[in-house]
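Please have the structure open while reading.

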Amino acid sequence: MKNSLPISAVTDVCVVGGGVIGKTAALALAQAGHRVVLAMSGSPSASGKPAPEAAGWDARVYALNRVAHDLLDSLKVWDALDASRVEPVDGMTVNGDAKSYPGVLAFDAYSARVDALAWIVEDRNLNQALDAALKFAPNLQIVYATATAMHSDLEQVTLELDNGSRIEATLLVGADGGHSWVRAQCDIGLDYRSYRQRAIVSNFACTKVHHGIAYQWFTEADGIVALLPLPGRQVSLVWSAPDALAEKLLSESPAQLAQRLTSLAGEQLGELTPLQPEVVRDFPLALIKPHAVTAPRVALVGDAAHVIHPLAGHGMNLGFADVAVLVKTLNEREPYRDCGDARVLGRYARMRKEDVLLMQAATDGLARLFAVDAEPVRMARNVGLHLVNRLPGLKRRLMAHALGKLKSPK
């Protein structure tokens with residue numbers, strides 16, 4: 001990948017962050033005709049280096065919606081993915097937690113009149129496709145260094161790096177994750193609340209065919225379990241488990257974890273066994289709501305702008321939508337305004353506000369609702385799932401929002 005950067009660089013946009021959203025932002029902005037510098041930690045030799053479990057399936061996967069798909073497709077990244085490792089989601093079944101009156105909510109691509117509700121893509125597969133695209137991106141330079149200081153004034157923002165480089169840009173894009181250094185430098189406050197849960201992720205083989213259906217269970221005391229379809233008779237686990245249970249799950253063997261999942265999903269998926277090599281990972285879950293997604297000559301995207309509960313699988317999709325809207329906003333600005341103009345950034349913030357607030361409210365509300373261990377509440381929420389499943393108009397609206405559409409399908 002490119003790594004030629006003079007000691008002092010002047011550019012239109014500097015993107016900080018080497019994750020999926022940072023790479024996508026840099027690629028999209030460069031392809032839109034802007035001069036871009038992507039600043040990311042690490043080294044060229046480490047970028048794209050296979051993980052220890054590269055021979056198997058990546059434990060971290062994403063359920064990408066139509067907005068993410070279309071953005072990656074427009075950037076010529078989608079076709080660069082290893083298609084044999086991408087699985088379309090043709091349906092989703094959500095199971096409630098009441099034994100006496102279990103609620104079930106089912107969605108399918110046919111009813112939504114789309115070819116897929118989502119696509120399951122591994123983190124490694126996506127990063128490799130993005131890395132390949134970045135090599136040929138016009139107007140793009142990549143520097144492997146860590147940001148140490150940031151200053152902004154009326155005309156530009158200056159980023160200082162630990163390798164002695166200084167980057168001057170009209171706009172800095174913070175795509176450096178939930179614990180964003182860029183956000184902190186802008187003194188943007190935030191609301192933070194831990195869910196006191198950890199997401200346990202791993203992959204398993206199943207003896208029954210999953211038919212492209214994603215399954216989710218809201219359990220009484222064990223959190224939220226999701227099994228997402230992978231190619232063949234394989235599924236990927238995302239278990240949002242309370243901290244105490246998470247510690248227990250992590251202390252057990254993958255085979256014991258598979259036994260737990262078989263007890264839960266055996267009727268739909270049969271017996272589950274760990275995929276080789278056996279990999280189980282975890283990460284803490286929290287709600288992070290920054291008080292702003294822009295600052296003078298700075299725009300935040302991805303987890304730097306919002307972190308939500310993974311129960312709906314849309315955290316990454318919000319990040320892709322951020323990038324799409326930011327590029328659109330910059331492309332449609334008046335000729336006399338530069339990329340970091342305050343009015344331009346204000347438009348970006350307004351265009352993202354409703355979508356992000358709706359997803360934050362939905363995921364946080366569901367996480368809170370199913371955390372209440374009281375029989376009347378349990379009964380009410382499962383009745384609610386049952387009723388929504390019987391109201392096609394409401395289901396279509398829910399599917400439209402999940403798919404990233406502005407309007408529900410007719």
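The side chain of N127 makes a polar contact with the side chain of K23, at 2.9 Å. The model is predicted, and the protein has 11 helices and 19 strands.

**Residue N127**
- N127 is part of helix α4, which covers residues 123-135.
- The relative accessible area of N127 is 15%. Buried means under 20%, so N127 is buried.
- Leaving out residues up to four places away in sequence, N127 touches G19, V20 and K23.

**Helices α1 and α4**
- Two packed helices are described by the angle between their axes and the distance between the axes.
- Helix α1 (residues 20-31) packs with α4 at an angle of about 25°, and their axes are 10 Å apart.
- Angles under 35 degrees count as roughly parallel, so α1 is roughly parallel to α4.
- The crossing of these two helices, α1 and α4, is left-handed.
- On the α1 side, the contact is made by V20, K23, T24 and L27.
- On the α4 side, the contact is made by D123, L126, N127, L130, D131, A133 and L134.
- Sorted by class, the contact of α1 with α4 has six nonpolar, two polar and three charged residues.

**Helices α2 and α8**
- Helix α2 spans residues 66-74 and helix α8 spans residues 315-331.
- The angle at which α2 and α8 pack is about 50°, with 8 Å between their axes.
- Are α2 and α8 roughly parallel or oblique to each other? At this angle, α2 and α8 are oblique to each other.
- The crossing of α2 and α8 is left-handed.
- From α2, the residues making the contact are V67, A68, L71 and L72.
- From α8, they are N317, F320, A321, V323 and A324.
- By class, the contact of α2 with α8 has eight nonpolar residues, one polar residue and no charged residues.

**The whole protein**
- The protein has 410 residues, and buried residues make up 53% of them.
- Among contacts with a separation of 6 or more, 72% are between residues 24 or more positions apart.

Definitions and conventions
Residues numbered from 1 in each chain as written. Predicted model: local features only at pLDDT ≥ 70, side-chain atom pairs only at ≥ 80, totals over all residues. Heavy atoms only, no water. Helix = DSSP H or I, 4+ residues; strand = E, 2+ residues; numbered from the N terminus. Buried < 20%, exposed > 50% of the residue type's maximum accessible area, 1.4 Å probe, protein only. Polar contact = N/O pair within 3.5 Å; in protein donor to acceptor, adjacent residues only side chain to side chain. Contact = heavy atoms within 4.5 Å. Axes fitted to C-alpha atoms, helices over the stretch in contact; angles between N-to-C directions. Parallel < 35°, antiparallel > 145°, perpendicular 65-115°, else oblique. Left-handed = near helix turned anticlockwise from the far one by under 90°. Nonpolar A, V, L, I, M, F, W, Y, C, P; charged D, E, K, R; others polar.
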